[in-house]
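Colleague: Before we discuss this protein, could you put the structure on the screen and take me from the overall fold down to a single residue?

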Amino acid sequence: MPGRRTGRTVALVFALLLPAAAPTLQAADGQATAGTSSLLHPVFQDHAVLQRDRPLRIHGQAPPGTRVRVALADRLGDVHADAGGHWEATLPALPAGGPHVLQVRTDTAEQRVEDVLVGDVWLCAGQSNMELQVWRSLDARAEIAGAGSDAIRLLTVPQVGHPSPQAGFGAPVAWRTVSPDSVRDFSAACFYFARALRETVDVPMGLISAAWGGSRIQAWTSGDALREAGADDDALGVLDLYRRDPAAAAARWGAIWAGWWHDREGVAADDAPWRAASDAGIGDGWLDAPRDLGAWEQWGLPDLADYDGLVWYRTTVQLEAGQAARQAVLALGPADEMDTTWVNGTAVGSTYGAGLARAYALPPGLLRAGDNTVVVAVLDTYRDGGLSGPATAHRLQFDDGTSVPLDGGWRYRVAPGRDWPPRAPWQDAAGLSTLYNGMIAPLAGIALRGALWYQGESDTGEADAYADRLRVLRDDWRSRFGSQLPFLVVQLANYGQPSFAPGDSDWATLREAQRRVADEDAASALAVAIDIGDRYDIHPPNKQELGRRLARAARHVVYADPVPASGPTPRSARREGDAVVVGFAGIDGGLVVHGAAAPVGFELCGAAAGSCRYADARVQGDTVVLRAADVSAPVRVRHAWADSPMVNLFDRAGVPVGPFEIAIGRAAR
């Protein structure tokens, strides 16, 4: 590898820099020695990759006021830890190469990190399609067996959410070279991207995967950025309270949640399913749940067989006066996938996570002698949902070690409709800033070549707001990692059954938000995936082609490759007589139609709602000419506007014309 070095230079530098009496303490695993805590932030470990051609910010912790001396290759730093014990040394940039040794010393300890490369560092973030591991991708057995590269290094950020920004990771981390063992559980999209990119960019690649299935975009955005955007002020106030007093925050959130419930169409003013009153009136709409509970899709009820939405659960438990006076925790089995829970009419907690048991500390005085009401609202948005069973899995646990099971029988009530409730702001994957705090904030100070973002499936219910939220996230990360941080966005892949007529689509609306945000920014690009999804699986396995398209986007945006970043992109729509002509840019080798005589999936739309109609289309050079006899005054063009659209128009490089919506203007004169 170019620029390869040994550790001799660093050893000689330290011999000159340090007093002869300084102890030589080192550990082969990059950890501090002599019983001290680590001097370096955990991101600096054996096999790490640091960003080339940028000032090198090396940082960590030491006793306040301690002198810290740093050496990497022939770059030196000499700093002191501040009053909080934090230290940071900025070393001059290095070109791509290595391996190097990073050494940090105080008068009493040393930490030595071996096999450090300098190259390009990429952050790969998002939800489950970014998290999806190599072992779940196409041809996984061969891909894993053939994996091996010293030039690509992998680091997976532990999945930890937190209400406050964290300086360190929530669990140990390690940089690993690519091998069958290390790559198996790593992000497939991230790995295949780097592998494809290295075909033309021959430098070491450091890949940092920070992904969480089911996560929403606000969870990845800092609290400061969300506050500045001003859209979540009430929830952010609850999050501030949660840091100090979780029980008080849960009660306040219950009031916000109740406001959402009463704003729903068809909900009466006195309809409060969480109420603490006796069972008077509970028969209205409440039915007996199976004793074993479990997924409601398995209850054998037609109305629940394919139901995604909100279901209420309710039970009562009798306590003696002595029990009610004790400190208690409400322990519930897993709820798929989100619960909001009340005891005696007071909200006590809310958790997101299908496989997670719940444990809610109850505030003093909430329990009482006699009957106590427990109500759980469970939201499910995908596949099976419900409160797990059996009934004995749920109990009140007291501070003396005793417990009372909630096995007196559960009742349920279905809340129809897809206007799903708000998420508690402290929830890991669905909250506000929680994943930024636990997974992005610990990377502060790390120089990046760019960021890959694959997320949005969990935000399709609020697709209209996604463009603004994506801009906030992009600008927020740039404030942390550099004002011109390249930002590569994966447009959502096709998923679900094909449509038979033009209509509305939240997935299409969100894809258009992704396209517009990427298109408006010179340092951003879009990777189109509308042809490589899976109609039956929200997690399409063809991450190899996705990696190639992301690499193409990176070459254009980051490395000035003239090949267009994203493939054919709409640039104009104009009337020409009775036709509408759509012009494209970014075409590599010309437009081609696959599998038919003409393109499909184009629509012409009038001004009125529901006026879109499929259009006859033909390719004419770098344009597509559209006609629709039953749309007399079209005002906009749509393409691939469905959850799982049919597409057959590509450029000769094999990249499809992706989903878009564009207004029709007048022909230029």
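**From the whole fold to one residue**

Modeller: Among contacts in the protein between residues at least 6 apart in sequence, 73% join residues at least 24 apart. Please keep in mind that this is a predicted model.

Colleague: How many helices and strands are there in the protein, and what is its radius of gyration?

Modeller: The protein holds 13 helices and 35 strands. The globule rule gives 26 Å for 669 residues and the value for the protein is close to that, so it is as compact as a globular protein of that length, with a radius of gyration of 28 Å.

Colleague: Which residues have the most contacts inside the largest nonpolar core?

Modeller: Of the 669 residues in the protein, 55% are buried. The largest nonpolar core takes in 146 residues, and those with the most contacts inside it are Trp87, Trp312, Trp453 and Trp477. Apart from that core lies another of 32 residues, including Tyr307, Ala324, Val348 and Val404.

Colleague: Is alanine 210 buried or exposed?

Modeller: Alanine 210 has its place in strand 10, which covers residues 205-211. The cut-off for a buried residue is under 20% relative accessible area, and because alanine 210 has 0% relative accessibility, it counts as buried.

Colleague: How far apart in space are alanine 210 and leucine 435?

Modeller: Leaving aside neighbours within four places in sequence, alanine 210 is in contact with residues including Leu123, Val157, Trp220, Met439 and Ile440. Alanine 210 and leucine 435 are 225 residues apart in sequence, while their C-alpha to C-alpha separation in space is 9.1 Å.

Definitions and conventions
Residues numbered from 1 in each chain as written. Predicted model: local features only at pLDDT ≥ 70, side-chain atom pairs only at ≥ 80, totals over all residues. Heavy atoms only, no water. Core = buried A, V, L, I, M, F, W, Y, C linked by side-chain atoms within 4.5 Å. Buried < 20%, exposed > 50% of the residue type's maximum accessible area, 1.4 Å probe, protein only. Helix = DSSP H or I, 4+ residues; strand = E, 2+ residues; numbered from the N terminus. Contact = heavy atoms within 4.5 Å. Rg over C-alpha atoms; globule rule 2.2 N^0.38 Å.
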